[in-house]
Amino acid sequence: MISSTARNHGIHIKQGYDGRLSPVESTDAALSYLQKLDGMFDGEWRAMAMAYNAGEYRIVRAFRANGDQRVSGESHLPKGLSRTTYDYVAKLHALACLIAKPERHGLVLPREARFVPLARMTLPAGVHTWTRPPSAWAPTPHACARSTRPTARVASSPAHHVTYWPR
């Protein structure tokens, strides 16, 4: 998300911390934004995806300019959007087709997936966490993180920062 959209959906961005890099903040913001788009576009997933990619008001303006609300990445509807936006929706459509009928495309999808349960935690302001590599799970003091993993990126959490950790 661009910073203005991210901030509008509750992501904290400040000197030394960018919540867009947080899986929790970015996922919560994406879900919030998709819920808003669902209401704006009456659940039409292609319009929602275009709006997520290009901005909701760009799609609304394109609908007005074209005089209808047909949506297709493959047919470049509504007219007047960037190729990137049309391609984004076409790729999502192709992915949905692959997942819905993998055998039709010679694919075998795994039937089982192993998920690690996560526990929601609220961190106090100023706790330093590793944002990379993903194997670094526990909150850790800044100096310790730098000395044990010099390539790890360290960020200070904002007040009442929510995160998830493996149980």
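Because the model is predicted, local features are described only where pLDDT is at least 70, and side-chain atom pairs count only at pLDDT 80 or more, while totals for chains, interfaces and linings use all residues. Residues are numbered from 1 along each chain as its sequence is written, and side-chain values use heavy atoms, with hydrogens and water left out.

Start with the overall plan. The chain contains six helices and six strands. Here helices (H or I, at least four residues) and strands (E, at least two) are DSSP runs, numbered from the N terminus. In sequence order the pattern is α-β-β-α-α-α-α-β-β-α-β-β.

Next comes the surface. The chain has 167 residues, and 31% of them count as buried. A residue is called buried under 20% relative accessible area, exposed over 50%, and partly exposed in between (1.4 Å probe, protein chains only).

Contacts show how the chain folds back on itself. A contact means heavy atoms within 4.5 Å. Among contacts with a separation of 6 or more, 47% join residues 24 or more positions apart.

Helix H2 can be followed in detail. H2 has 18 residues and spans 25 Å from its first C-alpha to its last, close to the 26 Å expected at 1.5 Å a residue. The expected span is 1.5 Å times one less than the number of residues in the helix. Which residues of H2 are buried? They are Val24, Glu25, Ala29, Ala30, Tyr33 and Leu37. An α-helix has 3.6 residues a turn, so residues three or four places apart point the same way.

Side chains of opposite charge can pair when their charged atoms come close. A salt bridge is counted when a side-chain nitrogen of Lys or Arg is within 4 Å of a carboxyl oxygen of Asp or Glu. By this rule there are four salt bridges. One of them joins lysine 36 and glutamate 56, with the closest N and O atoms 3.0 Å apart. Lysine 36 lies in helix H2 and glutamate 56 in helix H4, so this pair ties together parts that are 20 residues apart in sequence. Lysine 36 is partly exposed, at 36% relative accessible area, whereas glutamate 56 is buried, at 9%.

Another salt bridge links arginine 20 to aspartate 18, at 2.7 Å from N to O. Arginine 20 is partly exposed at 30%, and aspartate 18 is partly exposed at 21%. Aspartate 68 and arginine 70 also meet in a salt bridge, at 3.2 Å; aspartate 68 is partly exposed at 26%.

Most residues other than glycine have a negative phi, and most peptide bonds are trans. Aspartate 42 is not a glycine, yet its phi is positive, about 50°. This residue follows H2, in the loop between helix H2 (23–40) and helix H3 (45–54). Is aspartate 42 buried or exposed? At 73% relative accessibility, aspartate 42 is exposed.

Histidine 76 also has a positive phi, about 55°, without being a glycine. Histidine 76 sits in the loop between H4 and H5 and is partly exposed at 27%. Proline 78 is in the loop between helix H4 (56–66) and helix H5 (83–100). The peptide bond from leucine 77 to proline 78 is cis, with omega near -5°.
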